Each structure stands twice: as structure tokens, then as C-alpha cells.
2 protein chains.
Amino acid sequence: MPRKSRKLGPIRLTEVAKLAGVSPITASRFFRNPEALSVSKRERVESAAKELGYVPNLAARALASQRTEVIGVLIPSLTNNVFNDVLRGIYDASEGSRYTIQFVNTRYSILQEEKLLRLFQAQKPAGLIVTGINQTEESRAVMQAMNCPIVQIMETGPDPVDMMVGFSHYDAAFAAVSHLLQQGRKRIGFIGARMDPRVQRRLEGYRDAMKAASLFDPNLILTTPTPTAMTLGGTLLADLLAKAPDLDAVFCINDDLALGVLFECQRRGIAIPEKLAIIGFNDMEFMASAVPSLSSVRTNRYEMGRDAVTMLVEAVEGRRPAKPVVDLGFELMIRESSAPRNG
Amino acid sequence: MPRKSRKLGPIRLTEVAKLAGVSPITASRFFRNPEALSVSKRERVESAAKELGYVPNLAARALASQRTEVIGVLIPSLTNNVFNDVLRGIYDASEGSRYTIQFVNTRYSILQEEKLLRLFQAQKPAGLIVTGINQTEESRAVMQAMNCPIVQIMETGPDPVDMMVGFSHYDAAFAAVSHLLQQGRKRIGFIGARMDPRVQRRLEGYRDAMKAASLFDPNLILTTPTPTAMTLGGTLLADLLAKAPDLDAVFCINDDLALGVLFECQRRGIAIPEKLAIIGFNDMEFMASAVPSLSSVRTNRYEMGRDAVTMLVEAVEGRRPAKPVVDLGFELMIRESSAPRNG
DNA sequence: CCGCCAAAAGACAGCGCTACCATTTTCTTG
DNA sequence: CAAGAAAATGGTAGCGCTGTCTTTTGGCGG
């Protein structure tokens, strides 16, 4: 006898079935597809399960059925508040479904991402959410082999692995810079930190907008691989001002930097927007309440997370979306910090 | 024959064992406790596993061993940035271990918490992290029955379910208000939102500090059950000023509200700290860079998450901590916003 | 009242791994 | 060098559930 005799542990499906007077397999079906049972048996199983306080053993279910009800989520950072909103959307959407979220942090490393992807592969998740479109060849191969729906989030691009929900960072940055140009600004700086692929694309948008206006000047660009932080905004503005004292606007690749820039300006007595216009990116809540209120590019982060889960759930259940790539767009939120000079 | 013949799916332990020329159970041991194998077998299993690209099937492992390597985390909110930092600590600490984090959101509802706790119970987690000390009787009973180490985080209190990592919100608030009193402030307002149990305890700390100075006045207190937000800070300040026009300081239960208050003051031309002193709570990064810089109470959120996981892992492995309740304390960060009036 | 068909219920084996114990091998030591 | 202890390894069964197929049941027309 290899194991101790039956311990009195948690209630098993067999016990429920016995109490309900049905076979275990019928009880099993009750939990997966109650419609398949006759009304009488359905009620009996239901009350038996309630009476015993039965909770299915997920490990056994996963082993027997060869699949799980887990949605794997790969996100590059928890420090960056942007992903906080995305996660909120993901968790909110998952609560209505029967799927569980399993979240992992790639730390902006595509090799770490590859490793984690392999780990997920072994768990046979029901679906996968990955950030961005810059996966390694190997990662793409693993994803393709996984045989589950996959959504790439945060940006759109050509050649989706499966599905996508995002927006064009290039277009968003182009629009933000174009707005500053329309306000008559000419010496528009670019302040960027961390410089992940999406930030790189924002830089391209900035560059092309400036070139289109024949105002491009590499001295107006200041970037650092350092992770973003509010204090960094102040430091970077100081450095940029040293390189380009005639700066009359800044495009910050996120709102933390923008607020840091605002504070630095207050410290130095630089009038916003008269001397310097500021525009941020993402439109976090504080942008609207700052004094002066700060312009930004609103991105639909919560919706991205939420829609990714929705698409995944639909796809798992066989209802693949009409178009696999969803562009959630962006919106310019023009506020005091980029008002016309004489406004 | 109930199933199709052996499909060519993922590599199983048996395959690895065969290639290594050992029994499956020996191969199994390699993955759980390599020390138990002789060096020669260890090397053979290792290379066989690598060659075949073996990844253990976690569902089978969980089913056979009757336990998982999951740490369940119950946290009340993803919107509140405080928990972002805690989660970071949790995830960072878990990466060094073999445990996986399974996070769920209780939405500040103790009934939801109870429900989620039951769900976790069925999954037999290796450990559990729960927020706060205000669980239902039923929840406590479930936890006690779970037979796994449990850490309550975010605050300390009497009667831990098992272990605790946190600090005294009462003491922290008391200290913050005492500081304002020492600066000669007499009409110190309290601005609070959401009013979860921990915020309630901060209110008590405020109340007792004011009473001790014989300066308590209920008109100085303004709270709302609304979730916290930066704009809310401004609104609440406006309302409080209507009730108590002679206000000379505010204690905000978090930094978002404090920044909102600062912005509202800038809008109204209220001089900080001359007319009004401000102190927040948590010491988020932006507090130091604001102009004027904002005082706050530093709390060790990241460390709380990190230490909770560390304690859990230690406990699972039989090394229970010397003292089950860890007080991480707090630190008053005094900055310009609560400097003396003539400073 | 029979036969037919669809729907409902059940039988059975096995998913991939590990607990438990038995057995073999290696190491100590008088 | 024998004998006992300790370490390393293996055999077997089963964790709790579900996929597949088979059997039973019930409804209905003739």
C-alpha cells in the first residue's frame, strides 16, 4: 500500500457524485457544462456540491484535461505606472471570466521574456498577453508553437503573432510635436528615459515631425537609458537647457518626466507656457490638476488590458475577432502648458 | 482504449529518465532535491533534461505531491499606487525563489476577500500574503485551516494569524500631526479618502494627537469614502476651507491628496508653508521634487512586500522567524511644505 | 405497443508526477 | 574484513479529474 489510507481531506468530485446519486462523470459535467445535464440531476449535483462545500481541484483538472484556465501576462515593468493601468484592465476583465491571470515581469529584457515564455509554454495557458512587438525570433517561435490565442499589447505594428491591441506611438508623438509646432514653437526639445522600443518609436515620430518643419536639430534631443523618474525630469531639463538655451518647448516621453520638468521650471522661474511649452505622454491623472495644467497625449491603457483579455476569452471560445489588430488610438489633451504664448 | 495512443507532445520525466539511464523517480528527485543524487547520476539527468528541453508539468506535480509552489497574494487595490510598490517587492523577492505569485484583488471588500481565500484554499498554496488585520471571522478560520504560512502585511497589530510585516498607522499619523503642532500650527485639518481600516487608524492617530494638544475640533476633519485621486485633494481642501477658514495646516492621508492640495493652493494663491503647512503620507517619489517640496511620512512599502515573501519562503522551508511580527516603522520626511512659518 | 433516434448517463483508463516503502550500494568502524 | 549504518536508487500505486466510447433512457411516430 503505497500511500496512507484515504485521508479525510478536501471533498472530491466522487463524494459529491455519491451524495447526488449520480456517476462522477456526470458530476464533472455539471461543473463544466451544466446544460448537458437533465434538470433533475443538475439540481441534485448542485445542492450536493453546495452541501459539501466542494471546490474543484484545479491541478487534477489541468492534468486530466491537458489545459489550464490561466492567462499568462508578460509585462516589462511594475515600476512604470503605465503598466499599472494595463494590469488593472486585465484583472478587471478577467474577473468576469473563469480565467486566472498569471503575471510575470520581463524587466524590459527580451531574453528574460523568452525565458518566461518557455516557462509558460510548459503550463499550457489558455491564452497569452505579451507587451510590444519586439520579441526575439526564438520567442516568436515559442509563441507560434503554443497553440493558444495570443495578444500583443501596447502598440500596433505589422505582422502580429496572433492578435494585437495598441496604438501607434509614432503617430502619437508626431501629433504631439505637430501641435507644439502649430503653437509657433520652433526649438522643441525631446526628453526621454529608459528608451524602450516604444519610446524609440516616439522619438522617430518627434524626429520626423521636426524634419517635416525643417526644424530638426540633434542638440534638442536628450535621452538616457536610466529608468524614468520624476526627479529625472528636472535633471534632464537642466542638461537640455545647457545644450540648447533657446529651448521654447519640450516633448517628454511620459508624464512623470513632464511633471519633473514643470517643477524644475518653477524652481528656476521659467514661465510656463510663456517661456517654455510642455507636453507629456499618457495623460496620467495628475496632468489635469497640475498648475499650470499639463498637456499630454491620452493613451487608453486600461482599455488595452481589458480588451486584450476580452479578445483572448472570445478567441479561446472559438469566436475569433473580425480584425485581429485593434488600434485604440490616442487623443491630444491640450492644456495650459502648451497654450499659445499670448494666450 | 480510452485515449488516443501516446501523442508526441511535450517531453515527460520518463523520457528524460530513460535517456539518462535512471529510474523516473531518480530523475524526479533531481528536479526537487539534486543534492540527494550521486554526482554521476545528477550530471546524467541534467544533460538529458537539457538535451530534450524538458520542462516539468506543474499540474501533475501539484496533483501528485498535494501541494503547489504558489504564493497567494490578496491585495485590496491596483489603483492605489501604494500597492504597486508592495507588489514590486513581492515579485522581486519571488524571482529569487522557486515560488510563483498568484495575485488577486479584493477591492477593499472583506467579503470578497473571504471568497478569494476559499478559492485559494482549494489550490493549496505554499504560502499566503493578506493585506491588513481586518479579516472576517470566517476568513480567519479558513486561513487557520489552510496549514500554510501566512503573512499579514501593511500594518502591525495584536493577534497575528501567523506572521506580520507592517507598521503602526496610528503612530505614524500621530507623529506627523505632532510635527505640525511643534511647528506652531494649531488649526490642523485632516483630509482623508476611501477610509479603509488603515486610514481609520491614521485618523485615530490624528485625533489623539490633536486631543493631547487640546486642539481637537471635528470641523477640521474632512473624509469621503470616494477612492483617492489627485483632483480629489483639491476638492477636499476647498470644502475644508469652507468649514474652517482659519486652517493653518493639513494632514493628508496620502500623497496624491497632498499634491492635489498643493495644486489647489497654487491656484488660489495660498502660500505654502506660510499660510498653510502640508504633510502627506507614504512619501512617493514626487513629494521630494514638488515645488515647494512636500513633507510626508515615509513607509517601507517595497520592503514590506519583499520581506513578506522572504518570511514565507523561510517558513515553508521550516525556518520560522524568531519573532513573527516585524515592524518596519516609518520616517518623518520634513520638507519645505511644513517648514516653520518664518523659515 | 414497437422500433427508432437523440439525449443523457455511465465505464474505464490514464493525464505526468511523486509518496511511500523496499532494496541495493556505498561508507564506516571496531 | 565483517557487520552495521547510511546513502542512493528503484517499484508500485495513486493523486482527482476528464476524454472517449458505450450503454441506457426517454420521446415520438406509426
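In which loop of chain B does B:P292 lie? B:P292 lies in the loop between α12 and β10 (296-299) of chain B; the views below show this site and others in a predicted model.

The model is predicted, with pLDDT of at least 70 required for local features and pLDDT 80 or more for side-chain atom pairs, whereas totals for chains, interfaces and linings use all residues. Residues are numbered from 1 along each chain as its sequence is written, chains are lettered from A and ligands numbered from 1 in the order in which they are written, and side-chain values use heavy atoms, without hydrogens and water.

**View 1. Relation of chain B to chain A.**

**View 2. The interface of chain B and chain A.** In this interface, 43 residues of chain B are in contact with 43 residues of chain A. The two chains bury about 3,900 Å² between them, 55% of it on carbon and sulfur atoms; buried area is the accessible area (1.4 Å probe) that two parts lose on being put together, summed over both. There are 4 salt bridges across the interface, each defined by a side-chain nitrogen of Lys or Arg within 4 Å of a carboxyl oxygen of Asp or Glu. A salt bridge joins A:D92 and B:R107, with the closest N and O atoms 2.4 Å apart.

**View 3. Helix α4 of chain B and its two ends.** Helices here are DSSP runs (H or I, at least four residues) and strands are runs of E (at least two), numbered from the N terminus. B:N57 caps the N-terminal end of α4 (residues 58-65), with a side-chain oxygen 2.9 Å from the backbone nitrogen of B:A59. Just after α4(B), B:Q66 has a positive phi of about 65°.

**View 4. B:M287 in helix α12 of chain B.** B:M287 is found in helix α12 (residues 285-289) and is buried, with a relative accessible area of 0% (buried means under 20%, exposed over 50%, partly exposed in between; 1.4 Å probe, protein chains only). Not counting residues up to four places away in sequence, B:M287 touches B:D255, B:A258, B:G280, B:S293, B:L294, B:S295, B:S296 and B:R335. B:K275 is 12 residues from B:M287 in sequence and 19 Å from it in space, C-alpha to C-alpha.

View 5. Most residues other than glycine have a negative phi, and most peptide bonds are trans. The bond from B:V291 to B:P292 is cis, with omega near -5°, and the bond from B:I272 to B:P273 is cis, with omega near 5°. B:P273 is found in the loop between α11 (255-268) and β9 (277-279) of chain B. A:N282 has a positive phi near 115°; this residue is in the loop between β9 (277-279) and α12 (285-289) of chain A and is buried at 5% relative accessibility. B:M195, with a positive phi near 55°, is in the loop between β6 (188-193) and α9 (197-212) of chain B and is buried, with a relative accessible area of 14%.

Note on methods: A polar contact is a pair of N or O atoms within 3.5 Å; within protein, one must be able to donate a hydrogen and the other to accept it, and residues adjacent in sequence count only if both atoms are side-chain atoms. Contact means heavy atoms within 4.5 Å.
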